[in-house]
Amino acid sequence: QVHLVESGGGLVQAGGSLSLSCAASGSIYSTRVMGWYRQAPGKQRELVAAITRSGTTMYADSVKGRFTIFRDNAKNTMYLQMNSLKPEDTAVYYCAADSRTSLTGYEYKYWGQGTQVTVSS
């Protein structure tokens with residue numbers, strides 16, 4: 001089992017920056033991949049960025065060049081640095097983890113409670 005706790009988020013003006021973090025407790029095996037999903041009102045949940053324990057990453061096209069995902073394996077913690085934020089980045093951001101090795105193509109098994117990110121125009 002894995003317990004994921006997000007922190008960070010909040011309200012920022014367009015063009016600003018925010019950082020999210022996700023601390024994982026439990027089986028390290030179950031956090032081979034970690035990722036950030038987001039869900040805006042009325043929209044489907046989407047995978048924003050993901051990272052393996054070895055550092056391989058993926059980003060949604062909408063955030064490439066603006067968001068950076070990284071992790072500290074010693075702390076079993078993942079981070080998302082969000083720069084040049086846009087109003088369309090407004091959503092609830094969820095931390096997720098899975099024991100599989102591929103980054104995409106399935107829904108991750110373990111989920112955090114979510115944290116709100118609001119970008120004002």
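**Strand pairing, core and disulfide in a predicted model**

Visitor: Which strands stand at the edges of the open sheet, each with a single partner strand?

Guide: The open sheet has four strands in the order β1-β3-β8-β7, with antiparallel pairing. A strand with a single partner has one side left without a neighbour in the sheet, so the edges are held by β1 and β7.

Visitor: By how many degrees does the twist average from one strand to the next in this sheet?

Guide: The strands concerned follow the order β1-β3-β8-β7 and pair in the antiparallel sense. From one strand to the next, the twist averages 15 degrees.

Visitor: Which residues touch the most other members of the largest nonpolar core?

Guide: This core has 28 residues. Elements giving two or more residues to it include β1 (2-8), β4 (33-39), β8 (77-82) and β9 (91-98). Apart from it lies another core, of 10 residues, among them Met 58 and Leu 103. In the largest core, the members that touch the most others are Leu 4, Trp 36, Leu 80, Met 82 and Tyr 93.

Visitor: Which two cysteines does a disulfide join?

Guide: A disulfide is a covalent bond between the sulfur atoms of two cysteines. The count in this model comes to one disulfide, with an S to S distance of 1.9 Å. Leu 4 touches both of the cysteines concerned, among other residues. The disulfide joins Cys 22 to Cys 95.

Visitor: How many residues apart are Cys 22 and Cys 95?

Guide: Cys 22 and Cys 95 are both buried. The torsion about their S-S bond is about -65 degrees, so the disulfide is left-handed. The pair links distant parts of the chain, Cys 22 in strand β3 and Cys 95 in strand β9, at a separation of 73 residues.

Visitor: Which residues form the uncovered face of β7?

Guide: In a regular strand the side chains alternate between the two faces of the sheet. The covered face of β7 holds Phe 67, Ile 69 and Arg 71, and Phe 67 has Met 82 as its bridge partner in β8. The uncovered face holds Thr 68, Phe 70 and Asp 72.

Visitor: Is Asn 76 buried or exposed?

Guide: Asn 76 lies in the loop between β7 and β8, a hairpin with four residues between the strands. Its phi is positive, near 50 degrees, and most residues other than glycine have a negative phi. The relative accessible area of Asn 76 is 8%, below the cut-off of 20%, so Asn 76 is classed as buried.

Visitor: Which backbone oxygen does the side chain of Thr 77 reach?

Guide: Thr 77 is found in strand β8 and counts as buried at 10% relative accessibility. Beyond its neighbours within four places in sequence, Thr 77 is in contact with Cys 22, Ala 23, Phe 70, Arg 71 and Asp 72. At 3.0 Å, its side chain reaches the backbone oxygen of Lys 75.

Visitor: What is the relative accessible area of Ser 84?

Guide: Ser 84 is found in the loop between β8 and β9. Its phi is near 50 degrees, a positive value in a residue other than glycine. Ser 84 is partly exposed, with a relative accessible area of 40%.

Conventions. Residues numbered from 1 in each chain as written. Predicted model: local features only at pLDDT ≥ 70, side-chain atom pairs only at ≥ 80, totals over all residues. Heavy atoms only, no water. Core = buried A, V, L, I, M, F, W, Y, C linked by side-chain atoms within 4.5 Å. Buried < 20%, exposed > 50% of the residue type's maximum accessible area, 1.4 Å probe, protein only. Contact = heavy atoms within 4.5 Å. Pairing = 2+ DSSP bridges. Axes fitted to C-alpha atoms, helices over the stretch in contact; angles between N-to-C directions. Disulfide = S-S within 2.5 Å. Polar contact = N/O pair within 3.5 Å; in protein donor to acceptor, adjacent residues only side chain to side chain.
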